[in-house]
Amino acid sequence: MERGVDFLTVGFWNIEKHNVVRPDPDNPNGYVMSESVAFIIETIERWYLSADVDVIILAEVTESKGAGDLFARVVANRLNGLGGYQQTAAFNASFNWFPTAGGRVGVCNYICIWNEAVPCLSGLGGRIRFVWNRDHTRPMVMLDAGIMRIGGLHAKAVIRDQASTEIIEACLELGRHDQPAALIGDMNIPFGKMDVFDEGFLRGAGWEAVAPGFAPTHVTRARDENKEYQMGRGSVLDYVWRNPGISQCVAVSPMRGFQYQFWEVNDHAPICYKLCRTARDVRSGSTVPRRAPVPA
């Protein structure tokens, strides 16, 4: 089975605005960052080494005086300095922002990261666009990956009906392109808890939700019998929907060991899937050559 022809490994992570990198000419790297931002980058590096990921969509990315663009370049450059499990890399990345009602840069934007050395992903930066459906409060970012369409979504959290509407409209938009397609993201509806009629509508249209294969990470806060707040694992909010063109959708752990199954860093663990267009064995893959890193 050939990477970029038969399948792609695709990931998503809501990084909750931990992306601020500041230029610093006095630092040997040319930039500085907080420990939380360094953790995000180091986790993405381990993710690639563990899962050989081809595409990563990061959500809830803040612009903060150019931090979005700089963070994208830094991540791509760091990944290009690594040797992957089966392949070396030629990663590129783009900060994709959308305006608020007042015309300013929003606070919940996306970064798309992809391996240019994978044949179908070469030049992907020119095939990324936002899709604003009628009822969306945030857009879907849509990637034309050649062999499939990949949608990234950070659904609205306040009202479950709103999130459900956004998921349905995003899936229908992806389905209009007559290609294998997957919608990956922070759905803000617990896995398996969508309204039965909405889920039935999506299933009738051929869409199926696939769990990411880890314990619930979203933190719930409720009062105990003493009326004191207690925290606990409540649900899985980050997962994927796939249409019939994706014949196999296999959850892949972004990291080795127990840390992933018992994620306690923040409300959202990274998620990763192998998306396959054929029914052949998805566990095999091909290698791709290395290219020079992009400048940070």
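The count of disulfides comes to zero, where a disulfide is a pair of cysteine sulfur atoms within 2.5 Å. This is a predicted model: local features need pLDDT of at least 70, side-chain atom pairs count only at pLDDT 80 or more, and totals for chains, interfaces and linings use all residues. Residues are numbered from 1 along each chain as its sequence is written, and side-chain values use heavy atoms, with hydrogens and water left out.

**Cysteines**
- Cys249 is buried at 12% relative accessible area. Buried means under 20%, exposed over 50%, partly exposed in between (1.4 Å probe, protein chains only).
- Cys276 is buried as well, at 0%.

**Sheet with E6**
- Six strands form an open sheet in the order E5-E6-E4-E1-E16-E15, with mixed pairing. Strands (E, at least two residues) and helices (H or I, at least four) are DSSP runs, numbered from the N terminus. Two strands pair if DSSP finds at least two bridges between them.
- E5 and strand E15 (248-251) are the edge strands, each pairing on one side only.
- From one strand to the next, the twist averages 20°. Axes are lines fitted to C-alpha atoms, for helices over the stretch in contact, and angles run from 0 to 180 degrees between N-to-C directions.

- Strand E6 (residues 109-115) is largely enclosed by the rest of the structure, because seven of its seven residues are buried.
- Both faces are covered. Asn109, Ile111, Ile113 and Asn115 are buried on one side; Tyr110, Cys112 and Trp114 are buried on the other.
- Strand E4 (residues 55-61) pairs with E6 in the antiparallel sense over six bridges. Leu58 stands opposite Ile111 in E6.
- Strand E5 (residues 91-96) also runs antiparallel to E6, joined by six bridges. Ala93 has Ile113 as its bridge partner in E6. Phe91 has Asn115.

**Helices on this sheet**
- Helix H1 (residues 35-51) packs on the sheet. H1 touches strand E1 (7-14), E4, E5 and strand E16 (271-276), where contact means heavy atoms within 4.5 Å. The direction of H1 makes about 160° with that of E1.
- Helix H2 (residues 67-80) lies across E4, E5 and E6. H2 runs at about 165° to E5.

**Sheet with E7**
- Six strands form an open sheet in the order E7-E8-E9-E10-E14-E11, and the pairing is mixed.
- Strand E7 (128-131) and strand E11 (208-210) are the edge strands; each pairs on one side only.
- The twist here averages 25° from one strand to the next.
- Four bridges join E7 to strand E8 (residues 140-144), and the two run antiparallel. Arg129 has Met142 in E8 as its bridge partner.
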